[in-house]
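Me: I'd like to learn how to read a model like this one. Can you walk me through it?

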Amino acid sequence: MIGRNGPADQWKRPMAMTMNGSFDLPASREVVWQKLNDPDVLKACIPGCQSLERTSDNGFAAVAKLKIGPVSATFRGKVQLSDIDPPNGYRIAGEGEGGIAGFAKGGAGVKLDAIQDGTRLTYDVEANVGGKLAQLGSRLINSVAKKLADQFFAKFATAVKDQV
């Protein structure tokens, strides 16, 4: 048998993930800010989101059903906003559990800058994933995370465009 920290327990260790990017949105910072804080808009934009409810002035609870490679699971999580600076940005911290599929925990900085035709949203994410998700490997996890982010921002751009 291999020791406690040996390869037999390797799947239990979280895998670190980082992702950053920016999207240009066709709306003012004020409209983008309003939509980033609207649970109904976010629920409609988050891939697989089944529910998103405000739990406090700066907190949300969410349920999302996702398929990541061969792993399908329903994730339940909590999100807390901090360093709130309307309409310039905020920090998001969250954690979610997907049963045997694993967990994710992390945070992101979100910054809004006015540009000629609207608003540039810039994000910087740091997260840890564990359980079966970590077994899938960083290449697949990063690829799926990028795909989910692209899906979210495509829907979000439509939601803010409708308000222009």
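Reply: Let's start with charges: Lys and Arg count as positive and Asp and Glu as negative, while His and the chain ends are not counted. The place of a charge is taken as NZ of Lys, CZ of Arg, CG of Asp or CD of Glu. Here the protein has 21 positive and 17 negative side chains, and the centres of the two sets lie 10 Å apart. Before going on: this is a predicted model, where local features need pLDDT of at least 70, side-chain atom pairs count only at pLDDT 80 or more, and totals for chains, interfaces and linings use all residues. Residues are numbered from 1 along each chain as its sequence is written, and side-chain values use heavy atoms, with hydrogens and water left out.

Me: How many helices and strands does the protein have?

Reply: Helices (H or I, at least four residues) and strands (E, at least two) are DSSP runs, numbered from the N terminus. This protein has 4 helices and 7 strands, in the order β-α-α-β-β-β-β-β-β-α-α.

Me: Which residues form the aromatic cluster?

Reply: Rings of Phe, Tyr and Trp (its six-membered ring) pair if their centres lie within 6.5 Å; planes under 30 degrees apart count as stacked, over 60 as edge-to-face and the rest as tilted. A search of the whole structure turns up 6 aromatic pairs. Phe152 and Phe156 make a stacked one, with 5.5 Å centre to centre and 15° between the planes. Both sit in helix α4 (residues 138–161), 4 residues apart, about one turn of the helix. The cluster consists of Phe23, Tyr123, Phe152, Phe153 and Phe156.

Me: Are Phe152 and Phe156 buried or exposed?

Reply: Buried means under 20% relative accessible area, exposed over 50%, partly exposed in between (1.4 Å probe, protein chains only). Phe152 and Phe156 are both buried, and across the protein 38% of the 164 residues count as buried.

Me: Where is Gly48 found?

Reply: Gly48 is in the loop between α2 (39–45) and β2 (49–56). Its relative accessibility is 35%, so Gly48 counts as partly exposed. Contact means heavy atoms within 4.5 Å. Beyond its neighbours within four places in sequence, Gly48 is in contact with Val63, Ala64, Lys65 and Leu66.
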